[in-house]
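Have the viewer open as you read.

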Amino acid sequence: MRIKVLIPFLKDEKENVIHNLKNLIPFSQNMKVYVVGPEKIKMKRVISIVEKKRKGKSYWIKKILLKEKEGILILISGDVKVEKNFLQRSLSLMKKDVGMICCRITPENPKNFVEKLGFLIWKVHNEVSKLQPKGGEAIVFRAGIVDRFHEKVVTDEAYIEANIARSGLKIIYEEKLLAKNKLASHISEFFSQRVRYHVGHLQTLKEMKYKVVSLKYFLLLKALVNILKKNPHFLPLFFPLVFFETLARLYGRILFSLNILPYKWKIARSARG
């Protein structure tokens with residue numbers, strides 16, 4: 001089976017990239033790996049592209065990944081670290097009727113109030129993804145399926161998910177397939193991330209007529225309430241989270257109505273590495 005991997009990364013994410021390459025490359029000889037970022041990654045079997053001027057993640061997805069018409073495509077963000085058996089577990093799930101595999105994002109333990117908000121967001125993400133599979137920062141999907149994509153896509157995983165859903169193939173959320181990430185520790189960065197996600201989900205809804213589970217408010221609220229019942233220590237975060245998320249969604253809707261698409265998003269410095 002032919003496999004192509006793309007790992008776009010930003011400054012200070014080199015350590016993550018090397019970690020991911022070490023966890024992927026030894027387990028397949030039939031793999032082509034591309035990394036795109038501000039500096040060169042020197043490793044065997046890796047094609048490293050130095051990006052002198054940022055073009056946005058979606059540009060490279062379209063230019064590199066989506067040119068493939070056969071095999072399996074793997075997209076991993078530079079801010080996550082995949083587990084050692086990520087490749088083997090993903091491929092074992094990729095049956096003939098499956099188009100996409102989504103992993104579970106497991107953030108590091110939160111240290112401050114903002115990180116606790118982010119930690120709770122990822123818990124909600126996990127719960128709602130069990131109801132409707134939702135892509136995160138590392139996805140595996142079948143080549144030749146994504147035929148609608150462009151360089152100004154804001155949330156690439158959601159847009160790819162919409163393409164797969166249109167094809168009629170299954171989208172699987174595998175809770176045991178893990179990738180670790182670091183949480184934004186400043187409120188401005190957390191807010192900016194939430195705004196960008198919402199703009200991207202609205203873009204996906206408008207252009208692809210596909211509603212990601214994050215836009216299904218009843219399911220989100222149900223998941224959040226269930227988490228708080230099982231984890232009452234998160235209760236003090238309920239109203240702050242609802243407040244910031246509502247504010248971010250309102251601001252995101254304004255940006256989207258003005259056709260302001262943050263596809264080259266602002267770097268969250270505290271969430272690097």
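Helix H6 (187-208) and helix H8 each supply at least two residues of the lining of the second largest cavity. Helices here (H or I, at least four residues) and strands (E, at least two) are DSSP runs, numbered from the N terminus. A cavity is a set of points on a 1 Å grid over the protein atoms alone where a 1.4 Å probe fits but cannot get out, and lining residues have an atom within 4 Å of a point.

Before going further, a word on the source: this is a predicted model, where local features need pLDDT of at least 70, side-chain atom pairs count only at pLDDT 80 or more, and totals for chains, interfaces and linings use all residues. Residues are numbered from 1 along each chain as its sequence is written, and side-chain values use heavy atoms, with hydrogens and water left out.

Back to the cavity. Which residues line the second largest cavity? They are Arg194, Tyr197, His198, His201, Ser214, Glu245 and Arg249. H6 gives the most, with four residues. By type, the lining divides into one nonpolar, three polar and three charged; Ala, Val, Leu, Ile, Met, Phe, Trp, Tyr, Cys and Pro count as nonpolar, Asp, Glu, Lys and Arg as charged, and the others, Gly among them, as polar.

Now look at helix H7 (residues 217-230). Its buried residues (under 20% relative accessible area, 1.4 Å probe, protein chains only; exposed is over 50%, partly exposed in between) are Leu220, Ala223, Leu224, Ile227 and Leu228. These sit on the same side of H7, because they cover an arc of only 135° around the axis, taken from the directions from the helix axis to the C-beta atoms. An α-helix has 3.6 residues a turn, so residues three or four places apart point the same way. The buried residues pack against helix H4 (113-131) and helix H8 (238-257), with contact meaning heavy atoms within 4.5 Å. On the other side of H7, Phe218, Lys229 and Lys230 are exposed.

Finally, check a backbone angle. Asp12, in the loop between strand E1 (3-8) and helix H1 (14-24), has a phi near 75°, a positive value in a residue other than glycine. Asp12 is partly exposed, with a relative accessible area of 48%.

Conventions. On a 1 Å grid over the protein atoms alone, a cavity is a set of points where a 1.4 Å probe fits but cannot get out, and a pocket is an open set with protein on both sides within 12 Å along at least five of seven lines; lining residues have an atom within 4 Å of a point.
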